[in-house]
Amino acid sequence: MKENLFLCYPRCSTCRKAQRWLEEHGVKVEVRDIKEDKPDADELRAWHERSGLPLKRFFNTSGLKYKELQLKDKLPAMSEEEQYGLLASDGMLVKRPLFIGGDFVLVGFREKEWQERLGC
């Protein structure tokens, strides 16, 4: 089985907290810097479909870039394809951390949710 993928931004305190939590619980992951190695639209589409979450949950709504681009007002009028393209254009627009497991995706770090999903 392919290793779990953990997408994070190293300077994000929540990402560092999540990574520490994974290490403490012995969860092996491949770490990927979301800014240096941003996900492409196809990856985002696959993760979104696997997550069962609304696409809006993949946006970093508290990020500077999100606010700068005034996406709160623009997203509702955009197609899914446009949204995937936008997310793929800048890793800082993507909600982090992202945990990509075999058949599930966790968006953002909520310890209880991660504990239940990862069986830790």
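Predicted model: local features only at pLDDT ≥ 70, side-chain atom pairs only at ≥ 80, totals over all residues.
**Exercise 1. Find the buried residues of H1, and say what they pack against.**

Step 1. Apply the cut-off: buried means under 20% relative accessible area. Cys15, Ala18, Trp21 and Leu22 are the buried residues of H1.
Step 2. They cover an arc of only 120 degrees around the axis, so they sit on the same side of H1.
Step 3. Recall the helix repeat. An α-helix has 3.6 residues a turn, so residues three or four places apart point the same way.
Step 4. Turn to the other side of H1. Ser13, Glu23 and Glu24 are exposed there.
Step 5. List the partners of the buried residues. They pack against strands S1 (4-8), S2 (29-33) and S3 (98-100), and against helix H6 (111-118).

**Exercise 2. Describe the packing of H1 on H6.**

Step 1. Two numbers are needed: packed helices are described by the angle and the distance between their axes.
Step 2. The H1 and H6 axes come within 12 Å and cross at roughly 35 degrees. The crossing is right-handed.
Step 3. H1 contributes Ala18, Trp21 and Leu22 to the contact, and H6 contributes Glu111, Trp114, Gln115 and Leu118.
Step 4. Sort these residues by type: five are nonpolar, one is polar and one is charged.

**Exercise 3. Do likewise for H2 (residues 41-51) and H5 (residues 80-89).**

Step 1. The axes of H2 and H5 come within 8 Å, crossing at roughly 115 degrees. H2 passes H5 in a right-handed crossing.
Step 2. On the H2 side are Ala41, Leu44, Arg45 and His48; they meet Glu80, Glu81, Tyr84, Leu87 and Ala88 of H5.
Step 3. By type, the contact holds five nonpolar, one polar and three charged residues.

**Exercise 4. Which peptide bond is cis, and which residue other than glycine has a positive phi near 50 degrees?**

Step 1. Most peptide bonds are trans, and most residues other than glycine have a negative phi.
Step 2. The bond from Arg96 to Pro97 is cis, with omega near -5 degrees. Pro97 lies in the loop between H5 and S3.
Step 3. Gln70 has the positive phi, near 50 degrees. Gln70 belongs to the loop between H3 (64-68) and H4 (71-74).

Conventions: Residues numbered from 1 in each chain as written. Heavy atoms only, no water. Axes fitted to C-alpha atoms, helices over the stretch in contact; angles between N-to-C directions. Helix = DSSP H or I, 4+ residues; strand = E, 2+ residues; numbered from the N terminus. Left-handed = near helix turned anticlockwise from the far one by under 90°. Contact = heavy atoms within 4.5 Å. Nonpolar A, V, L, I, M, F, W, Y, C, P; charged D, E, K, R; others polar. Buried < 20%, exposed > 50% of the residue type's maximum accessible area, 1.4 Å probe, protein only. Arc of directions from axis to C-beta.
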